[in-house]
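Here is a short briefing to read alongside the model. Please keep the sequence and the 3D view open as you go.

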Amino acid sequence: TTLKKSNRTKAGGRQGELTLGNSETTQRLAATHATLEAMPEDTVEAIAAKRSAYVQAEADQPLTRERLRADLFCAAFFAPKTSDNATRVPLSDDMVRRATEGQPMRSGVAELARELVAEYHFFHWRLAFPEVFATGGFDVVLANPPWEVSQLSEEEFFAAHSDEIGSLSGAARKRAIVGLEHMNRRLWQQYLNTKHGFEAFNSYAREAGRYPKTATGKINLYALFAECISQLIGERGRAGMITPTGIATDDSTKAFFDAIATGGRIASLYDFENREKLFPAVDSRMKFCALTLGRQETARFVFFATCAAHLRDERRAFTLSGADIALLNPNTRTCPVFRSQADAELTKKIYRRVPVLIKE
């Protein structure tokens, strides 16, 4: 509460922004990267010269300021909010005025940001790949994102760190964890740090503006990855990823699916049931999909496939536009699921003739 009040007072109404680099900065960094890329590296001397040029480029003052500004933004979410740490937590003023304008930082703020960078490995796409974003984004992104809920599992944590506590259940485990504060201070602190890491990440995901469509409910990493990837590809780019089919059918991801569907950004979605163990380590009841993003007026869909050959069966495949999806699922805005092209066409004809009974 104190930090929020201080943030409002010192920022003077100016809030920290997530956007990185104006077009001039991006273009200059892109030109620098292009120069480095063109330098030869076929002799020891050439490699040494290229390394020296790279170090000099990394020390570029505008780049240093931009990186510090981005690190401060992330650090504000990940910094432990404790009384003995309060004066070092980055505020909007540190980012908007001090880092941007090159003014002296408050004592300890930049140092804390560097500590958090080392611990959490903040990564800023636009600063790492300015030559890509100077031309609009990546041409191709391929991904197999993790299918994991972003929350600390006490059972899993202690299974790896303490068999004695990990074997307990329910209230008994809770009591044992509380007792660690006095019985095993090192493990207690390790548990608190891990717990803080999950809480800080979830706070960043929900509040930083980075994942406006997918950071809802119980956060799952695959959904965040999907939204991130959609932001990385250029206007003519393509992205392919393997995710649970819930990316198109779950309530928690409906805002994201609605955005890519109505925006004409789905090229195809192929849903699989894992009954034939395409992924041996995944439960046979698990439904997953191969999702391809890219500018396309209508998308190709296949559902209930159990092998790759089913994707070539045109009786199973159907196409839908963003308008079709809005017509068929006007309230949920999730993906309609059909077993065949005939089912899809019949349903579209019915919905065009009979309006939805209740429009929420």
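Which side chains meet in a salt bridge at 2.7 Å, N to O? They are those of Arg106 and Asp94. This is a predicted model, and its structure holds 25 salt bridges.

- Arg106 and Asp94 are joined through their side chains, with an N to O distance of 2.7 Å.
- Asp94 belongs to helix 5 (92–101), while Arg106 sits in the loop between helix 5 and helix 6 (109–120), so this pair ties together parts that are 12 residues apart in sequence.
- Asp94 is buried, its relative accessible area being 0%.
- Arg106 is buried as well, with a relative accessible area of 16%, and buried here means a value under 20%.
- Both residues take part in a network of salt bridges that links Asp93, Asp94, Arg97, Arg98 and Arg106.

**The Asp258–Arg333 pair**

- A salt bridge also joins the side chains of Asp258 and Arg333, at 3.1 Å from N to O.
- Asp258 is part of helix 15 (residues 254–262) and Arg333 is in the loop between helix 16 (322–328) and helix 17 (341–353), so the two tie together parts that are 75 residues apart in sequence.
- Asp258 is partly exposed, at 22% relative accessible area.
- Arg333 is partly exposed too, at 25%.

**The Glu58–Arg67 pair**

- The side chains of Glu58 and Arg67 form a salt bridge with an N to O distance of 3.2 Å.
- Glu58 has a relative accessible area of 26%, which makes this residue partly exposed.
- Arg67 is likewise partly exposed, with a relative accessible area of 27%.

**Helix 13**

- Does helix 13 lie mostly covered or mostly open? Helix 13 is mostly covered, with 10 of its 12 residues buried.
- Among the buried residues of helix 13 are Leu221, Tyr222, Ala223 and Leu224.
- Further along helix 13, the buried residues include Ala226, Glu227, Cys228, Ile229, Ser230 and Leu232.
- Helix 13 takes in residues 221–232, and at 1.5 Å a residue these 12 residues should span 16 Å.

Notes: Residues are numbered from 1 along each chain as its sequence is written. This is a predicted model: local features need pLDDT of at least 70, side-chain atom pairs count only at pLDDT 80 or more; totals for chains, interfaces and linings use all residues. Side-chain values use heavy atoms; hydrogens and water are left out. Helices (H or I, at least four residues) and strands (E, at least two) are DSSP runs, numbered from the N terminus. The expected span of a helix is 1.5 Å times one less than its number of residues. Buried means under 20% relative accessible area, exposed over 50%, partly exposed in between (1.4 Å probe, protein chains only). A salt bridge is a side-chain nitrogen of Lys or Arg within 4 Å of a carboxyl oxygen of Asp or Glu.
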